[in-house]
Amino acid sequence: VVKLLDVVADSLKEEETVEGMQVTDHDHDDEDHDTSEYDEHVWLSLKNAERFVNEISESLVSLDSANADAYSANAKAYNTELEALDKEYSEAVSSSTVKTLLFADRFPFRYMVADYGLSYYAAFDGCAADTNASFETVTFLAKKVDELGLKHVLKIDGSDGKIAKTVVENTNDKNQDILELDSMQSVNDDEINSGTTYLSIMKSNLEVLKKALS
């Protein structure tokens, strides 16, 4: 067993409440007291993913030294793809004029925005169990959209988008697009069998991010 939180223990981020965010109950496992104060969505950082690949490769080598060369070569090849995609993310952010994301939803992308120096506003933190935003939260987010002149409001995979629609309806222009970023918390067997991978989702997320920052 490779515990991903242990692999990046030196760079874990504590859960935070940013301006306008609704304070909620969390959906952590009650028995998981040691990690409940951290944002656990560590896989949404390509930089973290490289560290995970290295750790997994080293673990496999220790268990099956006869195939060590294959594991090491595959890890190196995969990390080359991760590094190239990471560079694409960096270039997309550096060339954009917008540097803030607004999520009318939960926000599990703290590690991603930290990697590229983006700021954010959100209805709930990434581990929130609540699904209904208060009037104050909706009003705050709508005013932020107006204040920053944002053309896009974001939601996450699996969300019904109701909060996002309500936020848009409460802006001055009422015409912002609602975009979806995939947090990979609900990938199913059918998607995997049809070719969905970590890299394919992160590439799709990059295209969404480009739109969100336009």
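These exercises work through strands, aromatic pairs, salt bridges and a surface patch in one predicted model.

**Exercise 1. Strands 1 and 2**

Task: In which sense do strand 1 and strand 2 pair, and over how many bridges? Which residue of strand 2 stands opposite F103?

Solution: 
- Step 1. Locate the strands. Strand 1 covers residues 100-103, and strand 2 covers residues 119-122.
- Step 2. Read the pairing. The two strands are parallel and share 4 bridges.
- Step 3. Find the partner. A122 in strand 2 stands opposite F103.

**Exercise 2. Strands 3 and 4**

Task: Which residue of strand 4 is the bridge partner of H152? Through which helix does the chain cross from strand 3 to strand 4?

Solution: 
- Step 1. Take the pair of strands. Strand 3 (residues 152-156) and strand 4 (residues 177-181) run parallel, joined by 5 bridges.
- Step 2. Identify the partner. H152 has D177 as its bridge partner in strand 4.
- Step 3. Follow the chain. From strand 3 the path goes through helix 6 (residues 162-169) and on to strand 4.
- Step 4. Assign the hand. This β-α-β crossover is right-handed.

**Exercise 3. A stacked tyrosine pair**

Task: How many aromatic pairs does the model have? Why is the pair of Y89 and Y116 classed as it is?

Solution: 
- Step 1. Take the count. There are 6 aromatic pairs.
- Step 2. Check the geometry of one of them. The ring centres of Y89 and Y116 are 5.4 Å apart, and the planes meet at 15°.
- Step 3. Apply the cut-off. Planes under 30 degrees apart count as stacked. The Y89 and Y116 pair is therefore stacked.
- Step 4. Y89 belongs to helix 3 (residues 68-94) and Y116 to helix 4 (residues 110-116), so the pair ties together parts 27 residues apart in sequence.
- Step 5. Buried means under 20% relative accessible area. Y89 has 0%, so Y89 is buried. Y116 has 10%, so Y116 is buried.

**Exercise 4. Phenylalanines and their cluster**

Task: What type of aromatic pair do F103 and F107 form? Are these two residues buried or exposed?

Solution: 
- Step 1. Read the distance and angle. F103 and F107 are 5.0 Å apart, centre to centre, with 75° between the planes.
- Step 2. Classify. An angle over 60 counts as edge-to-face, and the F103 and F107 pair is edge-to-face.
- Step 3. Check the surroundings. Both F103 and F107 are buried.
- Step 4. Widen the view. One aromatic cluster holds F103, F107, F109 and Y120.

**Exercise 5. Salt bridges across the chain**

Task: How many salt bridges are counted? Which parts of the chain do the D10 and R51 pair and the K47 and D86 pair link?

Solution: 
- Step 1. Take the count. The model has 6 salt bridges.
- Step 2. Start with D10 and R51. Their side chains meet at 3.0 Å, N to O.
- Step 3. D10 is in the loop between helix 1 (4-7) and helix 2, and R51 is in helix 2, so the bridge ties together parts 41 residues apart in sequence.
- Step 4. Compare accessibility within the pair. D10 is exposed at 64%, whereas R51 is partly exposed at 31%.
- Step 5. Turn to K47 and D86. This salt bridge spans 2.9 Å, N to O. K47 sits in helix 2 and D86 in helix 3, 39 residues apart.
- Step 6. Check both ends. K47 is partly exposed at 33%, and D86 is buried at 11%.

**Exercise 6. A nonpolar patch**

Task: Which residues make the nonpolar surface patch of about 200 Å²?

Solution: 
- Step 1. Name the members. V2, I56 and L60 make the patch.
- Step 2. L60 is in helix 2 (residues 46-63).
- Step 3. Check the cut-off. Patch residues have over 30% relative accessible area. L60 is partly exposed at 33%.

Technical notes
Residues are numbered from 1 along each chain as its sequence is written. This is a predicted model: local features need pLDDT of at least 70, side-chain atom pairs count only at pLDDT 80 or more; totals for chains, interfaces and linings use all residues. Side-chain values use heavy atoms; hydrogens and water are left out. Two strands pair if DSSP finds at least two bridges between them. A crossover is right-handed if, with the strands pointing away from the viewer, the path from the first strand over the helix to the second runs clockwise. Patches are made of residues with over 30% relative accessible area and no salt bridge: like charges are joined within 9 Å, nonpolar side chains (Val, Leu, Ile, Met, Phe, Trp, Tyr) within 5 Å. Accessible areas come from the Shrake-Rupley method with a 1.4 Å probe; for residues, only the protein chains shown count as cover. A salt bridge is a side-chain nitrogen of Lys or Arg within 4 Å of a carboxyl oxygen of Asp or Glu. Buried means under 20% relative accessible area, exposed over 50%, partly exposed in between (1.4 Å probe, protein chains only). Rings of Phe, Tyr and Trp (its six-membered ring) pair if their centres lie within 6.5 Å; planes under 30 degrees apart count as stacked, over 60 as edge-to-face and the rest as tilted.
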